[in-house]
Amino acid sequence: MRRERAPLWIAVLAAIGAAFFVIPLAGLVVRTPWGDAVHSLTSTDTLEALRLSLIASLSSTALSLVLGVPLAWVYARIEFPGRTVLRALTTLPMVLPPVVGGIALLLAFGRRGLLGSWLDTSFGITLPFTTAGVVFAETFVAMPFLVLTVEAGLRSMDRRYEDAARTLGARRWTVFTRVTLPLIAPSLFAGAVLCWARALGEFGATITFAGNFPGVTQTMPLAVYLLLETNPQGSFILSLILLLVSLVVLVGLRHRWLGSA
Amino acid sequence: MSLVADVHTTLGALNLDMQIRLEEDEVVALLGPNGAGKTTLLRAIAGLAQIESGCVELDGRVLEDPAAGRYVPTEQRSIGFVFQDYLLFPHLSVLDNVAFGLRSRGTSRAESARRAMDWIDRVGLKSHATSRPAELSGGERQRVALARALAPDPRVLLLDEPLAALDATTRVAVRRDLKIHLASFRGVRLLVTHDPLEAATVADRLIVMEEGKQVQTGTPIEVTEHPRSRYVADLVGVNLYRGQANHGSVQISGGPLLAAAGAETGDVFAVIHPRAVSIHRLRPEGSPRNVWHGRANGVELYGDRARVRIEGEVPIVAEVTPAALADLKLADGGEVWLSIKATDVSVYPA
């Protein structure tokens, strides 16, 4: 096969498109005071924020998988009245400003919220301004990415494989775990990565619903934003750390990303 | 052991209405054109396609009866199904594919693997046990699909066009193996095909389906010697007409009166083999009782013979040698005369 060459106008526009992303990242790398970087990396506050970010984003990815995969399955397979409306509602956080999402969460799960007051009086559970609240806020914003990706995977898979499994005596659960899930593995994987990436970068809903308490709810994006006012140099370093963590994960997963290299 | 299926269902343009009874001691082939409902009938028996009314019974046990609200799910039916494109699980090895049915039915991992390995050995793929389906050839995949369906020891084996996805060379070898495996299987065996050769080689009995209904059943010889539908007549390559017999002649529906030596009375089929039709450029004289006039319209090579389609009062196909084809200049079309001896017309009740 002949190697394809890009037409000039496509090459130019593509180069501008790539530069749009590369230049800001380059700025970050160039302007970071590398001398202080090692010191900042090992400071307790930074490590604490990084640890919290990873724990919260991974927890919300796990929660999204547990709740989002069944939701995607229902959307893809079950016809019921109001499905279109419900699907629109559950994907709304993708377009909603995250701060609005945070306010909505407060009104629902806050101490005086719709469900929050009941949770508080009946079980003594309060979500706002806790680490669990961070996970809640991140899940609220990130899960729709997983649901949409997995639903698309379920819709495009050949369902006759499930028929084949049933003729071999497999019950619904066996069919789901041994045939359906492995067959949609690429979508499941892509959805989980998108979801995790969105959760890691979450800012608006988190600060609104969970606040900004170091060690409890202060994740990396929150720490970066706060440092920008008091110690800009420090925020550059934190930004770079966040960037590196994301880059390592994305590059590491490159070969499995949407099934292509 | 027997399977009774009385299936009525509508699916798009298809109106399926079939009653069949299959016994353990026969291999039955469902033969019919595309869209006749063969696959839908198989899926209905397996519980994968919904039936609107009727019933499916295996050994007297009702598997499905919508009127009584009874439905035994597919996974509890003990039916082995070989799908047209095999549907081997792409993420599992050959061994895990074949062991899938045993594992699903609760056999231990070790025992499943041992029995699956036996089956893989029986279909001659021992060296491929750890391969993924994508690494196998079409013929090997077909054998894995068969082993996977047979490993859980089902009581019914359904095969949907098992050889359709194979090229001609592979098909001959796989057909021979399939015949052996079908012969050694104890239980009801039903195979869907649109290839008459495949049907005649592996089946003891044919059921011919058209537009969701049974049009004929019988041994391959009965069906090919006495076709009862245009579809089978075309497959076998003979001219088929339907009409009213009246002592030595048949009035073809919408066509000429056909002199036929064996005709008695009643609604009948008349079959004329293309070899029995002679073509002339001038009106023939002499003994033939049937002399028709028509227009040559298309030539097809058929082995070392040529078949000429002739349009007249009723269409008919005649077989001639290539020499005759050239002498009569039939490829150019034009007016022709046909003659058929009354003794060459085979007549049987409709």
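**Figure 1. Strands S17 and S18 of chain B pair in the antiparallel sense in this predicted model.** Strand S17 of chain B covers residues 290-302, and six bridges link S17(B) to S18(B). Within this pairing, B:Ala296 is opposite B:Ile310 of S18(B). The hairpin formed by S17(B) and S18(B) has two residues between the strands, and B:Gly303 adopts a positive phi near 65 degrees there.

**Figure 2. Strand S18 of chain B has one covered and one uncovered face.** In a regular strand, side chains alternate between the two faces of the sheet. In S18(B), residues 305-311, the covered face consists of B:Ala306, B:Val308 and B:Ile310. The uncovered face carries B:Arg305, B:Arg307, B:Arg309 and B:Glu311. S18(B) is also joined to strand S19 of chain B, residues 316-320, by five bridges in an antiparallel arrangement. Here B:Arg309 faces B:Val317 of S19(B) as its opposite residue.

**Figure 3. An open sheet in chain B contains six strands.** The strand order is S7-S8-S9-S3-S10-S11, and the pairing is mixed. S7 and strand S11 (213-218) of chain B are the edge strands, each pairing on one side only. On average, neighbouring strands of the sheet are turned by 20 degrees against each other, direction ignored. S7(B) and strand S8 of chain B, residues 156-160, run parallel and are joined by four bridges. B:Ile79 has B:Val156 of S8(B) as its bridge partner.

**Figure 4. The largest nonpolar core has 125 residues.** The members touching the most others are A:Ala137, B:Ala29, B:Ile45, B:Val98, B:Ile120, B:Ala147 and B:Leu158. Helix H7 of chain A, residues 131-156, gives the most to this core, with 14 residues. A separate second core, of 27 residues, includes B:Ala263, B:Ile279, B:Ala296 and B:Ala318. Apart from neighbours within four places in sequence, B:Ile45 is in contact with B:Ala5, B:Val56, B:Ile79 and B:Leu158.

**Figure 5. Chain B is in contact with chain A.** The contact involves 17 residues of chain B and 14 residues of chain A. On the chain B side, strand S7 (79-82) and helix H2 (94-104) are the elements that give two or more residues. That side divides into nine nonpolar, five polar and three charged residues.

**Figure 6. B:Asp59 and B:Glu211 have positive phi values.** Most residues other than glycine have a negative phi. B:Asp59, not a glycine, has a phi of about 50 degrees, and B:Asp59 sits in the loop between strand S4 (53-58) and strand S5 (61-65) of chain B. B:Asp59 counts as partly exposed because it has 14 C-beta neighbours inside 10 Å. B:Glu211, also not a glycine, has a positive phi of about 50 degrees and belongs to the loop between S10 and S11 of chain B. B:Glu211 has 16 C-beta neighbours inside 10 Å and therefore counts as partly exposed.

Definitions and conventions: Residues numbered from 1 in each chain as written. Chains lettered and ligands numbered in written order. Predicted model: local features only at pLDDT ≥ 70, side-chain atom pairs only at ≥ 80, totals over all residues. Core = buried A, V, L, I, M, F, W, Y, C linked by C-beta atoms within 7 Å. Buried ≥ 20, exposed ≤ 12 C-beta atoms within 10 Å, placed from the backbone. Contact = placed C-beta atoms within 7 Å. Nonpolar A, V, L, I, M, F, W, Y, C, P; charged D, E, K, R; others polar. Pairing = 2+ DSSP bridges. Axes fitted to C-alpha atoms, helices over the stretch in contact; angles between N-to-C directions.
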